[in-house]
Amino acid sequence: MIAQAIVDGFLSGAIVALGAIGVTFSLAILRFANFSHGDLLALGAYSALFVLLMAGSTVPGAAGPLSTPIGPFSFGWALPLAIAFGMLLTVAVSLLLERLVYRRLRRRSADPLTLVFASFGLALVLRNILLLLFGADPYNYTSEIQMAVRLPGPVLVLPDQILVFCVTLVVLALLWVFLQRTRHGMAMRSVAENPVLSSIAGIDIAGTVRLTWIVSATLAALAGVFYGVTVQVRPEMGLNLLLPLFTAAILGGVGSVSGAVLGALLISLCENLFTLVIPTTYKPMIPFVLLLLVLYFRPLGLFAPKGQR
Amino acid sequence: MLSYLIFFVTVAAILSIATLGLNLQWGVSGQFNAGVVGFVAVGGYGLAILTMPASEQLLVRLELPFALGLAGSLVVSALVALLVGLATLRLRSDYLAIATFGIATSIHLLVNNLEPLTGGSRGLVGIPRPFDSFGQQDFAAGYLVMVLVLLGLVCAGLQALLHSPWGRVQRALREDETVCAALGKNVVRFRLTAFVLGAMLMGLSGALYAGFVGTTSPSEFLPIMTFQIWAMLIVGGSGSNYGAIAGTFVIWGLWTSSGVVIVSVLPPQYQAQGGAVQAILIGLILVLTLLLRPHGLLGPRRAA
């Protein structure tokens, strides 16, 4: 039981981590709490669903060339296509919103709460557009049955889950190299640290802001699709994921990618371990309790050095 | 028709009190509350739990009179506001937004699941209503008068508060926090009192609503309510109490009439989608007002 909960915690934590990185970027670089980030995950998940519906992958016993399952997995080659489409659309929408809404507000006033507000309204619009187009019922990406793999413990995991976890690790490694080793990655870290000094040093702030949206939206779409692969897609998924995403980012210390990843793992582990002793219906409250505790006792995050402000 | 008009004005006046509370938090003190519905629900459930007739299924069997129930629901909303306020008000301003969003989610879960306390998903039915012995028509009229008197009192109280030294400090805080701190004002405490007072008004609004319809259930307090009340404040003009009330009547009128149109135009199987259209409208109103008319209809024109 406990071993299964820990493994499940790691598997779902990886997906939360991909979303939480976008939240931590927006808190640190764009400097506002983006309430529509959860709905960017949902947007990615639904755009991918659209491709899968077109390819006929969600029909039982689908025999299309793109829908035949690959090896032990539940999906065919339509899924990578769907991921690519989901990423493109999510990036496009977030750049459009940056252009139409956030950039104008940023130019007009310095109050970051106005941006929070705008994201709050946009979240409602995005969520209900998905509801309007796809209806309120949840969708599964596939109706294929796959055999669980038995690990020692005894722990059962699906091949899909293992693949999602491994791909997440690879993506995180690539992100690390991007942030540490490339010019653009360093620009992002520098703007997070000090925007005024960065612009004096000749860093293109507007470009870095756009780049931040691109990276955040790409990761959000990937997280959304992975959520669809391992759970299911529903219009309110973004709303339900928002609290874990924020909590992971704050728990790990705002601006820290590794912190967001560790925070996400910690939250998912807590969710899965506590539901062994409390009713599952209270699971969505666990991130909030963790958030309150960390804000009371370690507001800079669990891994911040003591005494720093 | 007249009874519908009374119903509409009563609900709009009740919602106005919540909008006034949000105006105190956002328009006056500049704090973002992303979980308005949570505080409204706390008030509604507070009144219901304290005044419900005793029954086997219920944990709390106090059967308090209406007025004491109202007072009790105010105390509970204040405590909930303190819980998130104390955790976040020393920190980044957007952390309060995140924490209030979290508390609304948690309250929704709790009222859905704490069956002995809240009646679970069925809610509490049969809250004793004041003026009920007058008959249906006179109950509505009596309740409307009571709500309007309370709204008047709240509005007058807020106007007096804004022109008191306390209100001046709040305005100064929005302009320059550092200067206020240097003048010896306890910045966190001023923020906290504004936040808690605002949350109490939201609780009052929820309690009056529960007392009016006589039931509370999780489906009465959906997340969309947070957005509705925000739209009311922003359209009316944040910072102005009269604007908040005007905005409430405008948005509530738009919401109910668009609901009527959707029900009569759409075939039954698309009704859920109709709700989505209404929500998109509210979202667009919020964002467009923010972009095009940030001071709303009656908001004070502050220099940027």
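User: Why is A:Thr247 called buried?

Analyst: This is a predicted model, and every value is computed from it. A:Thr247 has a relative accessible area of 0%. Buried means under 20%, so A:Thr247 is buried. The residue sits in helix H9 of chain A.

User: Which residues does A:Thr247 touch, not counting those up to four places away in sequence?

Analyst: A:Thr247 touches A:Ile267, A:Pro287, A:Leu290 and A:Leu291. Touching here means heavy atoms within 4.5 Å.

User: What makes A:Arg106 and A:Glu98 a salt bridge?

Analyst: Their side chains meet at 3.1 Å, N to O. The cut-off is 4 Å between a Lys or Arg nitrogen and an Asp or Glu carboxyl oxygen, so the pair qualifies.

User: Are A:Arg106 and A:Glu98 buried or partly exposed, and why?

Analyst: A:Glu98 has 6% relative accessibility, so it counts as buried. A:Arg106 has 28%, so it counts as partly exposed.

User: What links B:Glu177 and B:Arg191?

Analyst: A salt bridge, at 3.2 Å from N to O. B:Arg191 counts as buried because its relative accessibility is 16%. B:Glu177 is at 39%, so it is partly exposed.

User: How many salt bridges are there over all chains, and how many between chain A and chain B?

Analyst: Over all chains the count is 6. Between chain A and chain B it is 0.

User: What does the contact between chain A and chain B consist of?

Analyst: Chain A gives 44 residues and chain B gives 46. Together they bury about 4,100 Å², with 79% of it on carbon and sulfur atoms. A:Leu113, A:Phe117 and A:Phe120 supply 18% of the area that chain A buries there, more than any other three residues. There are also 5 residue pairs in polar contact, both partners at pLDDT 80 or more.

User: Which helix gives the largest share of the side of chain A that touches chain B?

Analyst: H4(A) does, with 15 residues. By class, that side of chain A has 34 nonpolar, 5 polar and 5 charged residues.

User: What is the phi of A:Arg31, and where is this residue found?

Analyst: A:Arg31 has a positive phi of about 65°, although it is not a glycine. Most residues other than glycine have a negative phi. A:Arg31 is in the loop between helix H1 and helix H2 of chain A. With a relative accessible area of 35%, A:Arg31 is partly exposed.

User: What about the phi of B:Glu63?

Analyst: B:Glu63 is not a glycine, yet has a positive phi of about 50°. B:Glu63 lies in the loop between helix H2 and helix H3 of chain B. Its relative accessibility is 47%, so B:Glu63 counts as partly exposed.

User: Why does B:Cys180 count as buried?

Analyst: B:Cys180 has 4% relative accessibility, under the 20% limit, so it counts as buried. A:Cys270 is buried too, at 16%.

How values were computed. Residues numbered from 1 in each chain as written. Chains lettered and ligands numbered in written order. Predicted model: local features only at pLDDT ≥ 70, side-chain atom pairs only at ≥ 80, totals over all residues. Heavy atoms only, no water. Buried area = accessible area lost by both parts, 1.4 Å probe. Polar contact = N/O pair within 3.5 Å; in protein donor to acceptor, adjacent residues only side chain to side chain. Helix = DSSP H or I, 4+ residues; strand = E, 2+ residues; numbered from the N terminus. Nonpolar A, V, L, I, M, F, W, Y, C, P; charged D, E, K, R; others polar. Buried < 20%, exposed > 50% of the residue type's maximum accessible area, 1.4 Å probe, protein only.
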